[in-house]
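Student: Could you take a close look at the salt bridges in this structure and explain which parts of the chain they join?

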Amino acid sequence: MDLRIFTEPQQGASYDTLLAVAKATEDLGFDAFFRSDHYLVMGDGDGLPGPTDAWITLAGLARETSRIKLGTLMTAGTFRLPGVLAIQVAQVDRMSGGRVEFGLGAGWYEAEHTAYGIPFPKEKFGRLEEQLAVVTGLWGTPPGETFSFDGTHYQLKDSPALPKPAQAKIPVLVGGMGAKRTPELAARYADEFNVPFASIEDTATQFARVREAVRAAGRGAREMVYSNALVAVVGKDDAEVARRASSIGREVDELKANGLAGSPAEVVDKIGRYAEQGATRFYLQILDLDDLDHLELISSEVQSQLG
């Protein structure tokens with residue numbers, strides 16, 4: 001069972017804060033440090049000191065860590081051209097010694113596009129399909145050969161398809177709750193399928209759809225990793241859980257219903273119920289990035305029980 005730390009820096013985090021969390025992630029034995037890819041705070045709050053770019057951040061962390069995997073959940077497809085993105089991710093993979101995992105999504109938060117002058121296309125899923133084809137096609141082109149692509153949204157001609165990642169194949173993550181196109185896209189391109197912030201029942205339904213799409217694509221059942229992303233608020237006692245919930249502006253009952261919240265025993269039990277549906281990896285959304293004691297508690301009292 002892999003536990004990964006997942007951060008939302010657009011809510012307010014400097015690079016130094018993210019570095020401290022990433023180093024704690026590594027020191028405490030977690031599998032990976034992931035971050036969102038957003039440029040604008042969501043909900044109440046000022047988002048100070050302002051956004052940090054996902055792949056610039058991960059490049060820095062690649063040089064400051066040595067073991068943990070590094071990645072995005074998910075890179076916004078609307079932010080970058082796929083050829084440039086392939087170069088960026090391959091470079092960070094080399095900087096990390098082959099520890100990058102690549103989540104790519106269609107992009108959805110229109111307000112941040114408006115705030116920073118980023119085009120927000122009406123048709124995003126078709127672009128996502130082509131982006132995955134281009135990025136994986138560039139990485140998979142043998143050295144000395146060229147890559148061309150003639151799509152509706154993107155065209156590449158005789159690209160040298162360089163640089164190559166350090167890994168022979170960077171793991172690709174696709175996720176979401178779409179009933180048909182999303183599972184089919186995952187079956188074509190993904191090594192991992194992620195269900196974000198969903199109930200056990202909805203997770204079971206979506207995992208079943210993806211398993212069927214994987215089978216229909218002629219892939220083996222073991223070729224796909226299934227994962228969940230869930231907010232985590234853990235405390236030694238009720239008072240500590242309540243304090244941590246309050247610090248992120250949430251209610252305990254709501255967190256217990258919709259995330260991984262409560263005592264270590266409660267959280268281990270709920271992880272087990274998701275695992276019964278096939279999840280083997282969990283992205284713990286940590287919203288108070290200054291509370292490193294929270295990570296230590298999860299490591300010592302939750303992770304230790306999962307093996």
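Salt bridges across the chain

Tutor: A search of the whole structure finds 21 salt bridges, a salt bridge being a side-chain nitrogen of Lys or Arg within 4 Å of a carboxyl oxygen of Asp or Glu. This is a predicted model, in which local features need pLDDT of at least 70 and side-chain atom pairs count only at pLDDT 80 or more, whereas totals for chains, interfaces and linings use all residues. Residues are numbered from 1 along each chain as its sequence is written, and side-chain values use heavy atoms, with hydrogens and water left out.

One of the salt bridges joins the side chains of R4 and D31, at 2.6 Å from N to O. This pair links distant parts of the chain, 27 residues apart, with R4 in strand 1 (residues 2-7) and D31 in the loop between helix 1 (15-27) and strand 2 (32-35); helices (H or I, at least four residues) and strands (E, at least two) are DSSP runs, numbered from the N terminus. R4 has 1% relative accessibility and therefore counts as buried, a word that means under 20% relative accessible area, with exposed over 50% and partly exposed in between (1.4 Å probe, protein chains only).

In another salt bridge, the closest N and O atoms of R281 and E192 are 2.6 Å apart. Because R281 lies in strand 12 (residues 281-286) and E192 in strand 9 (residues 192-196), the pair ties together parts that are 89 residues apart in sequence. Both R281 and E192 are buried. The residues D2, R4, D31, E101, E192 and R281 are linked in a network of salt bridges.
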